[in-house]
Amino acid sequence: MRSLKPFLCLSKHWALLRWLSKPRTCSNAARTPASSGERRKDVSDRFRSQIASGPRFQDFIKGVSVTLPADGEDTEEPGYLSEDLGMVGDSRKVYFETYGCGAPGCMAERLKTELLEREKLVDVLAGPDAYRDLPRLLTVADGGQQASNVLLSLEETYADIMPVQHAAQGHSAFVSIMRGCDNMCSYCIVPFTRGRERSRPISSILEEVQMLSDQGVKEVTLLGQNVNSYRDTSEEQFYSSELTKLSRGFNTIYQTKQGGLRFSDLLDQVSRVDPDMRIRFTSPHPKDFPDEVLHLIAERQNICKQIHLPAQSGSNQVLKAMRRGYTREVYLDLVYNIKRIIPGVSLSSDFISGFCGETEDDHQQTLTLIREVGYNVGFLFAYSMRKKTNAFHRLQDDVAPQVKQRRLEECISVFRAEAERVNSAAIGSMQLVLVEGESKRSADDLCGRTDGNMKVIFPKEDVAIQASSSNTVPVCAGDYVLVKILSASSQSLRGRALTHSSLRRQP
Ligand code: SF4
């Protein structure tokens with residue numbers, strides 16, 4: 001880091017880059033030239049080429065045309081940086097290589113001592129609420145000292161920072177709408193690494209979604225640790241005495257919240273920005289699905305009929321130990337309510353096998369819940385205890401690793417069988433598919449996603465411009481096409497594209 005002079009000249013309107021690059025792997029390192037000089041040159045060449053093809057300073061500035069200063073010219077000092085930091089950009093660029101939630105991010109908060117002091121792996125450590133402090137941290141590191149800020153904030157939402165799309169096929173985008181979580185499930189580290197819930201003002205979210213629509217993005221996923229707990233209290237007019245409505249029968253460990261624009265208000269407004277843009281959201285909590293949210297999903301053509309409903313366990317005893325705020329019966333009531341209001345909805349879920357105190361009977365109850373609901377997709381894990389959590393302080397991680405693993409495999413096997421059964425019901429149907437691009441397995445095929453977020457593979461061939469037309473054109477990434485489903489597995493669907501279409505034109 002020290003050899004790369006930091007990017008220092010920032011405007012008040014600076015925007016963060018959404019530019020994901022793949023982490024380098026050990027196998028890559030094994031193919032690099034043998035001598036250290038050659039290795040350094042190789043790294044330097046790669047770095048130069050990535051810098052040359054990367055975004056320019058202007059790409060970070062929202063709505064401002066910027067001319068970089070010539071040597072010796074004064075530069076505008078950003079208001080939040082002190083002058084004595086000597087922060088000038090000198091046309092230098094910075095290269096970001098992302099490693100998921102390593103540092104910077106919530107792992108930085110959790111592993112501060114290990115990363116900074118014991119392993120001496122990094123020069124700069126920034127927690128998830130400290131990104132605005134990066135210029136100062138980089139300057140400190142440039143002066144030869146380690147720099148760190150892992151403080152959590154009660155307010156930070158990065159609302160004024162517009163990500164810059166920099167993907168070759170940017171037809172899908174993620175929009176962060178809230179941060180943090182107030183639920184304190186006993187196994188979870190998120191409330192300690194991401195802090196309390198705070199929501200981004202609706203006006204800033206709508207502005208970003210509009211910008212994405214103008215750029216041709218066809219699918220937006222609203223993001224948050226507890227996305228449907230969204231509550232915008234940024235304007236006085238949003239205050240009211242109205243209590244937050246929960247899904248029937250669900251409880252929270254915190255007092256019922258009051259006032260603010262809620263998730264249904266946000267979904268309503270976001271889905272009006274561009275009727276041809278799909279709206280998804282993740283990750284929700286089952287407690288925040290009052291009927292008004294479900295009716296809105298059912299009514300609005302561009303809100304995908306796909307709901308992630310993390311269950312974690314099918315046993316009341318385990319759900320209580322996890323402090324999830326619901327019972328198996330209440331969760332199943334919600335599932336039936338969702339299926340009644342949104343016919344054909346796709347459901348996915350998370351499950352943890354082998355949580356503290358889980359018995360064979362508890363595990364069997366999880367298997368029966370998976371069978372009863374019929375999910376399309378599942379994210380299943382063996383329990384791994386995290387420091388700082390309530391479970392770490394109060395419960396025993398008493399299920400043997402091999403038992404956890406066996407239970408996990410049984411859950412996966414039931415999940416697969418159920419997903420195949422659920423997906424098979426789509427055979428013979430017509431699905432509106434948003435095309436993502438070429439299939440990874442064959443250059444002769446394309447792949448895309450249904451409204452329910454199932455992957456669909458179909459032959460790459462020209463199809464009719466619209467249903468009644470004999471004119472055919474190629475299918476490209478970002479197109480909507482109607483695909484007739486011909487076969488299904490637990491993971492994907494196969495079919496044949498019949499015609500180009502759109503969300504507004506779909507039958
Ligand atoms: S599991 Fe989800 S709801 Fe529970 S504390 Fe973690 S982030 Fe919050």
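# Chat: helices, sheets and the ligand shell

User: Let's start with helix 8 and helix 9. At what angle do they pack, and how far apart are their axes?
Analyst: This is a predicted model. In it, helix 8 (residues 263-273) packs against helix 9 (residues 291-299) at about 15°, and the axes are 9 Å apart.

User: Parallel or antiparallel, then?
Analyst: Roughly parallel. Angles under 35 degrees count that way, so helix 8 and helix 9 fall into that class.

User: Which hand does the crossing of helix 8 and helix 9 have?
Analyst: That crossing is left-handed. Helix 8 brings Phe 263, Ser 264, Leu 267 and Asp 268 to the contact, while helix 9 brings Glu 292, Val 293 and Leu 296.

User: How does that contact split by class?
Analyst: There are 4 nonpolar residues, 1 polar and 2 charged where helix 8 meets helix 9.

User: Helix 9 also packs on helix 11, I think. What's the angle there?
Analyst: About 35° between helix 9 and helix 11 (residues 328-341), with the axes 9 Å apart. The crossing of these two is right-handed.

User: Which residues make the contact between helix 9 and helix 11?
Analyst: From helix 9 you have Asp 291, Leu 294, His 295 and Ala 298, and from helix 11 Asn 337, Ile 338 and Ile 341. By class, the contact of helix 9 with helix 11 comes to 4 nonpolar, 2 polar and 1 charged.

User: Back to helix 8. How do the axes of helix 7 and helix 8 cross?
Analyst: At roughly 25°, with the axes of helix 7 and helix 8 coming within 9 Å. That leaves helix 7 roughly parallel to helix 8. Helix 7 makes a right-handed crossing with helix 8.

User: And who touches whom between helix 7 and helix 8?
Analyst: On helix 7, look at Ile 202, Ile 205, Leu 206, Val 209, Gln 210 and Ser 213. They meet Leu 266, Gln 269, Val 270 and Val 273 on helix 8. The class count for helix 7 with helix 8 is 7 nonpolar, 3 polar and no charged residues.

User: How many bridges join strand 5 to strand 8?
Analyst: There are 5, and strand 5 runs parallel to strand 8 (residues 219-223). If you want a spot to look at, find Ala 173, which has Val 220 of strand 8 opposite.

User: How many bridges between strand 13 and strand 14?
Analyst: Strand 13 (residues 346-353) pairs with strand 14 in the parallel sense over 6 bridges. Phe 351 has Leu 380 of strand 14 opposite.

User: What joins strand 15 to strand 16?
Analyst: A hairpin, through 6 residues. Strand 15 and strand 16 (residues 445-449) pair antiparallel over 4 bridges, and Glu 438 has Leu 446 of strand 16 as its bridge partner.

User: Last topic, the ligand. Which residues are around it?
Analyst: Cys 181, Asn 183, Met 184, Cys 185, Cys 188, Val 190, Pro 191, Gln 225, Asn 226 and His 285.

User: How many of the residues in that shell are charged?
Analyst: None are charged; the shell around the ligand has 6 nonpolar and 4 polar residues.

Methods
Residues numbered from 1 in each chain as written. Predicted model: local features only at pLDDT ≥ 70, side-chain atom pairs only at ≥ 80, totals over all residues. Axes fitted to C-alpha atoms, helices over the stretch in contact; angles between N-to-C directions. Parallel < 35°, antiparallel > 145°, perpendicular 65-115°, else oblique. Left-handed = near helix turned anticlockwise from the far one by under 90°. Contact = placed C-beta atoms within 7 Å. Nonpolar A, V, L, I, M, F, W, Y, C, P; charged D, E, K, R; others polar. Near = placed C-beta within 6 Å. Pairing = 2+ DSSP bridges.
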